[in-house]
Amino acid sequence: MKKTILPYAAALCGYLLLTAALFWKVVFLGYVPASPDSLSPMATSMALDAVFRQTGAYPLWQPWSFSGMPTVEAFTYLNGLYYPGALLARAGIGNLPLQLLHYVFAGLGGFLLLKRFRLHGPAAFLGGAAFMLNPYMVTMFVYGHGSQLMTAAYMPWVLRAALELCDDVRPRTLGLLALMVGLQLQRGHVQIAYYTWIVLLPLVVLKVAAGEGSAPERLKKALAASGALVLGVMIASVIYLPVFEYAPWSVRGAAAGGGASYDYATMWSLHPSELLTYLMPGAFGFGGVTYWGRMPFTDYPNYAGVVVLLLAVAGIGAERRNVFVWFLAASSLLMALLAFGRHFSPVYDLFYHVVPFFSRFRVPSMALIVVSFNLSLLAGFGLHAVMNGVKGRSLAVLKAGALVLAVLIVLFTFTGGALEQALREAFPPIAYDNPDLSLLVSRLRWELWKESFYGFALFGALFAALLWLRSKTVLGATLSGALLASLVLGDLLVVDSRIAYPPERSLRSSRLVQESEIVRAMMPDEVTTFLSADGGPFRIHPVGALFGENKFSVYGLESTGGYHPAKLLLYDKVLRASDNLSSIPLLRMLNVRYLLSPAPLEHPSLEPALEAELRLPGGIVPTSIYRLKNPLGRAWFVREGVSVRTEAAARERVMGGMDVASRAAVEQASWEGLRRFGVGRVDRVEVAPESITVTVHADGEALLVLSEVFYPQRWTMKIGGREVPTLKVNGLLRGVVVPPGDHRVRCSFDRSGFTTGKWISAGAFGVALLLAFSGFAGLRTSSGAK
């Protein structure tokens with residue numbers, strides 16, 4: 001028993017040590033990621049945590065960004081719905097340790113998957129380590145994309161569970177696959193999970209079709225796999241039922257066909273030439289200002305590791321009869337073609353237009369995580385082959401490879417000057433009008449290219465030397481495996497350390513900072529103290545660089561801006577049409593009381609209120625606060641309603657100067673043209689996290705406007721307890737016709753979709769657990785009978 005457990009315990013310890021070595025500042029010195037992608041959700045999560053503690057109900061709406069938007073439906077605030085995360089949170093393990101545990105989880109999953117193929121211990125360990133140390137995984141942690149990291153960590157576990165089920169259909173294997181699929185989906189990065197399915201489904205089909213057994217046995221495997229996948233999806237229903245209902249209303253899912261527009265979806269397409277970064281990480285810069293590829297920007301190179309690639313090629317060659325190895329190679333090719341996006345449209349376009357839900361995703365280059373994962377596994381097979389011996393055709397290939405490497409080194413040595421000139425001419429100009437900076441960036445780009453080539457040559461030569469020594473049996477199997485694995489780890493750790501801790505000359509700053517700096521930045525400052533002291537519901541409008549700031553949510557300050565990639569489409573249209581709400585009528589109807597700007601503003605509708613300092617993680621920002629004259633409240637009555645056919649027509653009226661205090665443009669109204677309404681009075685407005693109640697008096701039938709974003713999928717309107725239709729007002733807001741008399745108008749958030757999904761998830765998870773542990777219970781019973 002001890003001999004059986006020992007290799008797995010050793011692998012686990014190894015992955016823990018690698019994680020601690022790479023992220024030593026995080027583990028031992030209290031550093032935390034501080035990129036905008038980590039700080040923005042952090043601020044919102046802090047505010048939502050407070051609401052959760054206050055109400056005891058899981059928050060499904062947050063009012064602090066973009067004048068209000070969903071949480072779970074927009075893939076926000078999901079940690080509490082991810083069962084392992086929620087369980088570990090009860091044990092005091094926060095989000096950052098949780099991410100590091102998933103980092104180790106990813107490596108261990110790769111190890112277990114390769115051990116299933118009876119690979120030598122060092123080879124299986126290498127496969128898991130190469131996956132977890134891939135620069136993509138490191139970047140996702142450093143730059144605050146924890147959901148991507150944790151979702152990707154399930155990839156080896158999902159494939160391993162699928163292979164087990166296809167080889168041996170039992171309740172235990174069915175339950176394990178359902179659990180792995182369900183928990184990966186629960187982790188909340190649907191694009192990574194979707195890419196996992198692109199690999200998973202063909203693998204299951206291949207195993208069933210090419211496997212042994214009669215037709216009924218194959219049918220049994222197919223039905224078991226289908227049942228496991230369905231059960232896995234049900235485990236994640238608490239997230240995906242609300243998400244699918246929100247999709248038509250989201251900026252990401254409301255284009256023709258229910259997906260993102262083609263141009264938007266393909267913005268981060270990888271040009272085929274940039275595959276060179278798989279061998280030379282600095283071939284197209286190293287992220288940030290030095291990057292000169294075809295994508296809008298990137299923070300890291302898509303580097304696999306020179307030795308990883310060479311071992312992967314060796315693995316394909318040595319395991320020519322292994323169907324799984326060829327499957328990994330073929331799926332890598334497919335995912336690389338998908339990553340090219342608009343640069344190689346036939347494959348991408350086929351998926352975009354035909355494959356369900358594929359068009360909802362952007363960043364085609366994200367598909368490269370599957371390529372890197374597959375290469376890591378193939379490298380494990382390659383190291384296994386080397387440990388078994390280098391002979392025959394392998395020697396011929398080794399000699400040819402060494403010759404090619406020598407030729408490349410000679411060519412670079414004698415043509416380096418011409419190559420430098422050609423590359424410098426190819427470098428695009430930077431986005432800053434600064435000649436000195438341009439010269440510095442150009443010089444750094446060339447140095448990165450040159451250093452990358454030297455690294456490629458060095459690691460390639462060391463790899464060839466170790467293979468030659470192995471072929472001469474100078475090195476034994478274990479020693480050669482250990483040395484090659486160490487070479488891979490050294491190669492990857494060098495690149496990873498530059499991502500986590502950029503050198504000074506890199507023109508990039510580290511995204512890891514002391515946690516105390518973040519705590520200090522989130523503390524009250526002059527701006528938040530001034531705004532928090534003002535009473536009543538109102539919104540602020542941050543201008544310029546402050547528009548995307550989410551810190552205000554920590555203090556309950558509702559903003560017209562913020563940061564989120566899946567905002568309501570309706571709101572996004574208004575932002576685009578108005579240049580981020582550069583319209584006084586729009587600001588008035590959005591209940592804006594203050595404008596915040598890092599630069600002075602001049603407008604007759606604005607009056608200076610305070611010059612103050614806003615403390616942010618990036619430093620102190622001098623901020624001018626202006627009070628908007630004649631602001632509107634959270635609710636008001638208008639005397640006139642104009643019927644319009646489209647939301648665009650409504651927006652044009654508002655931005656054209658319509659008096660929003662007395663007139664409203666109502667889309668698809670029950671009347672034609674202009675209609676006059678009776679006089680109404682708002683006596684009281686009560687705002688709660690998921691409801692707003694307005695006490696009103698109307699002399700006659702009156703039109704009430706609520707300064708809340710129109711989203712009838714979830715928000716329902718009731719007058720005196722009776723549900724009434726919600727009108728779409730001014731192309732953005734909610735409205736309702738109020739009958740004469742005194743009334744309480746209540747607008748509340750419908751939680752039914754979330755509640756249904758929660759119960760389905762809990763039930764499916766319980767079933768999967770029972771299935772998964774039924775095998776262990778059976779083993780205990782049989783052993784007890786003996």
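How many residues does helix H12 (residues 215-235) have, and what distance does it reach from its first C-alpha to its last?

A: Happy to. The model is predicted, so local features need pLDDT of at least 70 and side-chain atom pairs count only at pLDDT 80 or more, while totals for chains, interfaces and linings use all residues. Residues are numbered from 1 along each chain as its sequence is written, and side-chain values use heavy atoms, with hydrogens and water left out.

Helix H12 has 21 residues and reaches 30 Å from its first C-alpha to its last, close to the 30 Å expected at 1.5 Å a residue. The expected span of a helix is 1.5 Å times one less than its number of residues. Helices (H or I, at least four residues) and strands (E, at least two) are DSSP runs, numbered from the N terminus.

The arc is that of the directions from the helix axis to the C-beta atoms. An α-helix has 3.6 residues a turn, so residues three or four places apart point the same way.

Ser761 is found in helix H27 (residues 752-785) and counts as buried because its relative accessibility is 0%. Leaving aside neighbours within four places in sequence, Ser761 is in contact (heavy atoms within 4.5 Å) with Tyr83, Met234, Ile235, Ala236, Ser237 and Val238. With Met234 there is also a close approach of polar atoms: its backbone oxygen lies 3.4 Å from a polar atom of the Ser761 side chain. A polar contact is a pair of N or O atoms within 3.5 Å; within protein, one must be able to donate a hydrogen and the other to accept it, and residues adjacent in sequence count only if both atoms are side-chain atoms.

In helix H15 (residues 306-318), the 13 residues should span 18 Å at 1.5 Å a residue, and the end C-alpha atoms are 18 Å apart, which agrees. The buried residues of H15 are Val306, Val307, Val308, Leu309, Leu311, Ala312 and Gly315. What covers them includes helix H6 (121-132), helix H16 (323-340), helix H18 (368-388), helix H20 (435-471) and helix H21 (477-500). In helix H22 (residues 515-522), Ile518, Ala521 and Met522 are buried. They cover an arc of only 95° around the axis, which puts them on the same side of H22. The buried residues of H22 pack against strand E1 (31-33), helix H3 (36-55), strand E4 and strand E8.

Strand E8 leads us to the sheet. An open sheet of five strands has the order E6-E5-E7-E9-E8, with mixed pairing. Its edge strands are E6 (558-559) and E8, each of which pairs on one side only. Two strands pair if DSSP finds at least two bridges between them. Strand E8 (residues 606-616) runs antiparallel to E9, joined by 10 bridges, and the two form a hairpin with two residues between them. Along that pairing, Leu606 has Leu628 as its bridge partner in E9, and Pro608 stands opposite Tyr626. Strand E7 (residues 592-597) pairs with E9 (residues 619-628) in the antiparallel sense over four bridges, with Tyr594 opposite Arg627.

Two loops are worth a glance as well. Val363, in the loop between helix H17 (345-354) and H18, has a positive phi of about 60° although it is not a glycine. Leu507, in the loop between H21 and strand E4 (512-514), also has a positive phi, near 65°. Val363 counts as buried at 17% relative accessibility, whereas Leu507 is partly exposed at 33%. Most residues other than glycine have a negative phi, and most peptide bonds are trans.

Definitions and conventions:
Buried means under 20% relative accessible area, exposed over 50%, partly exposed in between (1.4 Å probe, protein chains only).
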